[in-house]
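Here is a short briefing on selected side-chain features. It covers aromatic rings, charges and backbone angles.

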Amino acid sequence: MTKPERIYLSPPHMSGLEWQFIQKAFESGWVAPLGPQVDAFEREFADYVGVKHALALSSGTAAIHLALIHLDVGRGDEVFVSTLTFAASANPVVYQGAKPVFIDSEPHSWNMDPDLLAEALKHKARQGKLPKAVIVVHLYGQAANLDTILDICNRYGVPLIEDAAEALGATYRDCSPGTLGWAGIFSFNGNKIITTSGGGMLVSDDAELIAHARKLATQAREPAPHYEHREIGYNYRLSNILAAIGRGQLRVLDERVRRKREIFEHYHRALGDLPGLEFMPEAPWGRANRWLTVITIDPHQFGATREDVRLALEAENIEARPIWKPMHLQPVYRDAEVWGGAVAEGLFQCGLCLPSGSSLTSEEQQRVIQIIRRCCNG
Ligand SMILES: Cc1ncc(COP(=O)(O)O)c(C=O)c1O
């Protein structure tokens, strides 16, 4: 028997609108890591999220890295980072020779716990060694408790970098996550709500940061007719062709959010009655983009573990993934300092991300639902 077609977690979903911009890029001859599509993408993106400046880059990771370089993060420094995240939130800290200090999540948003952040900053202030920055992650498309976190950071004068890689199209009050702190970053990786196949954006109202990051991203070339360099640079710019894809994708972002939320609602209606199965809560301060629908499974009530469910889906050629393994549990970060940790550990043990691509059909979603229902109590 042939296997049913694989259902992926969040595959790229082109709208068709991308072509017109790609064609313009070809016609203009700008097949380069700069050009009119890049400029337009930056302007349109800045307008969409509501920020003064945006810098298109080759990845979200590059955006975090450049923000840290601008803050002069280096050997001996510390940077606070949410522990429940993808490794890309923390790795650029290590690129700079600094140390990440991980902060646990709060149970009702799954994002950085402001009380733990306050406690950790107070402790570091007493030691006279404040971190150079705090990197807060807006997990699975839900904004963290930003006002409170910002208040705490401001109290200690520590800049806040918002990792909004997963949260484009979400809201925090009426704002976009990624725009309230000192700097924000977004990702257009293939699995994100909109994609350029690979890419990222650094946003900020700080013109100096964006100008410096722009220079660093183009090998730190000084303004001179010959190649002059006073600092170490990187090759981090986004190509004009990929920016063209991004412009087309940006035009369907609101529709993508609507569809992702609809997929979530459907899972919720179809599975919400099962004992021991819960959904990632939506915090009262905003609207999540529901990039991925994430559930938790209590094996005692449900009658099967998260892993049983994942394997049952995999046997039917359906991709589901455990939620991010917290950074403080990663072998590569085994020596890192962590504040709390139990909330993220618990979520990792019982959390599962379900197929949530905006191109998911109702038949495909029905297959996922049936298999999960079948796992419940045998
Ligand atoms: C929370 C988070 N931060 C950072 C990144 C890095 O983005 P990129 O893959 O564009 O480097 C990702 C995704 O890949 C992510 O999910």
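Partly exposed means a relative accessible area between the buried limit, under 20%, and the exposed limit, over 50%. Arginine 173, at 43% relative accessibility, therefore counts as partly exposed. The model is predicted.

**Positive phi**

- Most residues other than glycine have a negative phi.
- Arginine 173 has a positive phi of about 50 degrees, although it is not a glycine.
- Arginine 173 is placed in the loop between strand 5 and strand 6 (183-187).
- Arginine 290 also has a positive phi, near 50 degrees, and is a residue other than glycine.
- The loop that holds arginine 290 runs between strand 8 (277-279) and strand 9 (293-297).
- Arginine 290 has 6% relative accessibility and counts as buried, because the cut-off for buried is under 20%.

**Charges over rings**

- Arginine 290 has its charged end over the ring of phenylalanine 264, 3.6 Å from the ring centre.
- Arginine 221 places its charged end over the ring of tyrosine 227, at 4.0 Å from the centre.

**Aromatic pairs**

- A pair of aromatic rings is described by the distance of the centres and the angle of the planes.
- How many aromatic pairs does the structure hold? There are 10.
- One of them joins phenylalanine 41 and phenylalanine 45, with 6.2 Å centre to centre and 75 degrees between the planes.
- That pair is edge-to-face, because its angle falls in the class over 60 degrees.
- Both phenylalanine 41 and phenylalanine 45 lie in helix 2 (residues 36-49). They are 4 residues apart, about one turn of the helix.
- Phenylalanine 41 is buried, at 0% relative accessible area. Phenylalanine 45 is buried too, with 0% relative accessibility.
- Ring pairs link Phe41 and Phe45 with Phe186 and Phe188 into a cluster.

**A buried aspartate**

- Aspartate 163 lies in strand 5 (residues 160-163).
- Is aspartate 163 buried or exposed? Aspartate 163 is buried, yet has no salt bridge.
- A salt bridge needs a side-chain nitrogen within 4 Å of a carboxyl oxygen.
- The side chains of aspartate 163 and serine 89 make a polar contact at 2.7 Å.
- Beyond its neighbours within four places in sequence, aspartate 163 is in contact with Ile64, Ser89, Ile135, Val136, Val137, His138 and Ile185.

Notes. Residues numbered from 1 in each chain as written. Predicted model: local features only at pLDDT ≥ 70, side-chain atom pairs only at ≥ 80, totals over all residues. Heavy atoms only, no water. Phe/Tyr/Trp six-rings, centres within 6.5 Å; stacked < 30°, edge-to-face > 60°. Helix = DSSP H or I, 4+ residues; strand = E, 2+ residues; numbered from the N terminus. Buried < 20%, exposed > 50% of the residue type's maximum accessible area, 1.4 Å probe, protein only. Lys NZ or Arg CZ within 6 Å of the ring centre and 35° of its normal. Lys, Arg positive; Asp, Glu negative; His and termini not counted. Polar contact = N/O pair within 3.5 Å; in protein donor to acceptor, adjacent residues only side chain to side chain. Contact = heavy atoms within 4.5 Å.
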